Amino acid sequence: MSPRELLGRVGRYTLLSLVLAFFALPLLWLATAPFDRTPEIAASWPEFTLDNVRELLDNENALRSLRNSVLLAGGTCALVVTLSALAAYALSRVRLPGRDGLLYALLLLSSIVTGTAAMVPLFNLAYELDLIDSRLGVILVLTGGLLPSAIFILKDFTDATPVSYEESARVFGASPLQIVRHLVVPLIRPGLATIGVWSVAQVWGNFLIPFLLLRSPEKSPAAVVMYTFYTEGGQPDLALISTFSLLYSLPVVLMFLFVSSRYGFRFHGGIKR
Amino acid sequence: MVRTLTRRARATIGVAVAAAALAACGGSDADGDGGAVRLTISANAVLDGKNTEEAAWIEDWVIPAFEEEQRAAGVEVDVEFEPSGVDDEQFKTRLALDLQAGSGPDIMTLDGIWVGEFAQAGYLEPLPASAQPGGWDGWEQIPEAVQQLAAYDEQLYGIPWGTDGRVLFYNQELFAQAGLPAEWQPTSWAELLDAAEALGELDGVTPIQLNAGTAMGEATTMQGLLPLLAGAGEPIHDGTGWTGASQGLVAALGLYQDVYGGGLGDPVLQQETQGRDRSFQKFADDEIGILVEGDYFWRSVINPEGGTAPMEDRDDTVGWALIPAETPGAGVEGRDFASMSGGSVRAVNPASDQAELAYELLTFMNSAEAITAAAQDSARITAREDVNATVLADDPMLSFIADEVLPLTTFRPPLAEYPQVSVLLQEATGAVAAGDRTPAEAADEYAAGLGEVAGGAG
Amino acid sequence: MPADAAGLGRARAAAFVAPALLLIAGFLVFPALWTIYLGMTDYRLTGLAAAEPAFTGLDNVRRALDEDQFTHSLGLTLQFVVGSAVLGQALLGFAIAWLLRERHGALRRLVEALVLLAWILPGSVVAFLWIALLDREDGTLNALLGTPGTAWLVEHPMAAIIVFNIWRGTAFSMMLYAAALSSVPPSQLETARLAGASSWQQLRDVVLPRIRGHVLTNLLLISLWTFNDFTPFLLTNGGPGDETEIMPVFVYKTALFNGELGYGAALSVLMLLVNLVIALVYVRLLRAREAAS
């Protein structure tokens, strides 16, 4: 190994260690505070206890809210992935008039609807459609906001897949839907997985929409319940919040591990242009 | 495990899960038991979360007791509680969204400061005769000052049920170390500053915590500037308009300059997002000498039982005193001392299908028996004097608020622009505390800001 | 441009797009247009203006342009976007992808997992993590750097939220660039290396020309997302004072705290216009590159 190569290698490992430290450091609190008898805002070596966990498991809102989050995130994810895949494929393969302009316009409009100022229109829309206190309402509103970005990203994927398979499948008499299901979906699966995880993460963290549209405590998702661990004066109950944070994060982490081990977590996976 | 499933089976499961998720989401609950009249109560309270005592009281006491009473009278009522547990601003937003659409709960709990703007918007209506003074005997127990909480433009829109008051809390141990008396009652701002100077001699002690800046939010206005302003003889709103860059405002901001410019307070703490929580913790750790707060601080923060910054020796170490006027007699209406109060109000939704029954429930919830039940387990200052006399008897601090503070306290003007005005005041205190502006400059900026708020508020 | 290989035809293509478009029309375009209309009124959630909102045309826009608060907030937002997205996330994401490009072991999985974790954890949790990290008195960072008493969120608030957002959002760029790099044929790099090109020259002459399109797609998306990102509010509340009051926070405070929904809506429309300008710049760059290559 030449000195220059050695230097390069040392440099590379140093950089990677710095990256690791940068991304790991903030996560410390999540690892210590839930098990601390007297958690404070700073990460510190815990005086180990499982009391916080026990207290949380006794809180009926906590576990139920995770189930609700799964329902909301699952529903939204299914809708976003299905609808955006179909739309992205069609937009990628067929030149519809005004396609690009439309996509950009929708992408921009989505920023209005995901902001705070649109809450009155969204609320009144849901109210008129009798979708207040209905999970379906939350799912539809969230899906509407996420679809443009999802289509945008997925169209990039489908643009990058070779069309030769589709041509031969067509020669052998496969219908367009069959082609999409058996040829295109497997090719863009890493993209679908990415969109799926992304949409779940967006719903999982969204507070405002479910808070405004849902009423029954039985339907509150974790993002809303997270905000209830404050006292009358607005002080956070750190024991509950840190423990709940851990519990609240686990499902998305598990989903991520599952998806990344199954599909790999990247764009244009393995496709060489 | 998953690997053994075939591709097709996985796909089927995926679709089934998605379909189930969607199906489970559709449709709202079928309406309760047939025939029963249904009422909903909403409050920013939730079991095991924010205001858990209030939630428990509604679910475990109010609902069964009211349903029982009505059943005895031959009416089947099904009362439901719609809990919440979020920031007050978020709760208010959702409630207003409900009300503007003509829906919402039958009975709602409001911060008293919202009454005016809700009434202006038509979200609340004046009480019917049956719940007015004369129609409902509970009003005789509610002091005139506290009645203001539910009033707007000479009309009552709801019934107040709880209130509070602000005082100076001080650490008697630190006072002893600094050679100050254990029983302390300053009668002017100068005396307050003298005590702070003496505390400044102690190592590792911040003499005084006077909330400043926007990070503390409304706690800056309520526990900081407004009591000082009242002590300088100046109301924030004189009934026709906001008072602007008045002498009193410059004087009040001058006290901020004395505290933070003179090294008697910690200006960085005021700007931290968690600054208020940290100030509580520091007081509990004997690192802050004097702290201006409401009785909430006593009940829920330094309470050795269940407080968020418990002080084992609270009852022996913590003293309290009235907030003095600038000089004796300089306060509003010539008072020697000043305080601010807020509180909550319950009201009936004008869009309720069952208004008459809802008003019955409202007065029921404010009866002596109900309020006593609410304050039994966790003593707090209620709107009713008869209840206070019994439930506060064991707590000298809360009795002090009820007996000494409430008679001289002031309330905020219940107007829609108030939150913006409050932010302007917070900015003024923040600029002075950070040393960026003199009191006069900050007061002028406040007055300029008022012009924009009043212009935009119509 | 890929042709209609599956024989979809316009009608079927329209049928594929229709469900998404219908949902978007109902739950995105319609409320967005309504919001734009609200931006032309003095509507408030409570008070007199809630009962009788008045049509005020472009008054709100004029007020915003007159107000220092708006220009201040816009300036901060641009700093935030350039610092954390364009420079921070894009460069760090590329660097990580480049460093990991030929690795497949546990180290790669570990780095990727941590970076992605930062991306998918819920915002409210992440905010607590960073408040704990940057705490003034016993924060982890102060302990590490030996700088006790430094209130990072007060003394360097913009820098703090920029670094925070780099941490939060680098994952997307990392993934996108990892994919883009895998599309560069190794043989070309090998040729360049044999010709004596340094790493930097390889990057500039071989890699960058091939991934330009990806770079611009990435920049477009992360710029728009960062522009509309509300999470820093959970860290600083827009403070101290208004030092971190980026546009989404400004709109949130206007709409939710002040209840000024008309003005808040007008601000969102102005944000949309700025977003439009950003998008146009990128699209132009993309076209210019495509035409050049």
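**Entry 1: two helices in chain C**

I looked up the handedness of the crossing of α5(C) and α9(C), and it is left-handed. The model I am reading is a predicted one. Helix α5 covers residues 106-120 of chain C, and helix α9 covers residues 157-182 of chain C. I noted that their axes come within 7 Å and cross at roughly 120°.

Next I wrote down which residues meet. From α5(C) they are Val115(C), Leu116(C), Ala118(C) and Trp119(C). From α9(C) they are Trp167(C), Arg168(C), Gly169(C), Thr170(C), Ala171(C), Phe172(C) and Met174(C). I sorted the residues of this contact by class and got eight nonpolar, two polar and one charged.

**Entry 2: chain A**

I went through the secondary structure of chain A and found 13 helices and zero strands. The C-alpha trace of chain A spans about 70 × 70 × 30 Å along its principal axes. Chain A has 273 residues, and 57% of them count as buried.

I also checked how far apart in sequence the contacting residues of chain A are. I took contacts between residues at least 6 apart in sequence, and 75% of these join residues at least 24 apart.

**Entry 3: where chain A touches chain C**

How many residues of chain A are in contact with chain C? I found 82 residues of chain A in contact with 76 residues of chain C. Helix α7 (residues 135-160) of chain A gives the most to chain A's side, with ten residues. By class, I listed that side as 57 nonpolar, 15 polar and ten charged residues.

**Entry 4: the two domains of chain B**

I turned to chain B, which is divided into two domains. Domain 1 takes in 37-157 + 343-411, and domain 2 takes in 166-340 + 413-457. Taken over C-alpha atoms, the centres of the two domains of chain B are 29 Å apart. Their contact uses 19 residues from domain 1 of chain B and 17 residues from domain 2 of chain B.

I then asked which elements give two or more residues to domain 1's side of this contact in chain B. They are α4 (115-120) and α17 (396-405) of chain B. α17(B) gives the most to that side, with six residues. I counted that side by class as ten nonpolar, six polar and three charged residues.

**Entry 5: an open sheet in chain B**

I traced an open sheet of five strands in chain B, in the order β2-β1-β3-β14-β6, with mixed pairing. β2 (77-82) and β6 (159-163) of chain B stand at the edges with a single partner strand each, so one side of each has no neighbour in the sheet. The twist averages 20° from one strand to the next.

Ile41(B) has Ile107(B) in β3(B) as its bridge partner.

I also found a helix lying across β1, β2, β3, β6 and β14 (343-348) of chain B. It is helix α14 (residues 355-365) of chain B, and it runs at about 155° to β14(B).

**Entry 6: strand β7 of chain B**

I then looked up the pairing of β7(B). With strand β9 (residues 288-294) of chain B it is antiparallel over five bridges. With strand β10 (residues 318-321) of chain B it is antiparallel over four bridges. I followed Phe169(B) to both of these strands. Phe169(B) stands opposite Leu291(B) in β9(B), and its bridge partner in β10(B) is Trp320(B).

**Entry 7: Gln90 of chain B**

Last, I looked up Gln90(B), which sits in helix α3 (residues 88-100) of chain B. I found 19 C-beta neighbours inside 10 Å of Gln90(B), so it counts as partly exposed; a buried residue needs 20 or more. I also noted its spacing from Asp153(B): 63 residues in sequence, and 26 Å in space from C-alpha to C-alpha.

Technical notes:
Residues numbered from 1 in each chain as written. Chains lettered and ligands numbered in written order. Predicted model: local features only at pLDDT ≥ 70, side-chain atom pairs only at ≥ 80, totals over all residues. Axes fitted to C-alpha atoms, helices over the stretch in contact; angles between N-to-C directions. Left-handed = near helix turned anticlockwise from the far one by under 90°. Contact = placed C-beta atoms within 7 Å. Nonpolar A, V, L, I, M, F, W, Y, C, P; charged D, E, K, R; others polar. Pairing = 2+ DSSP bridges. Domains from an automatic or database assignment. Buried ≥ 20, exposed ≤ 12 C-beta atoms within 10 Å, placed from the backbone.
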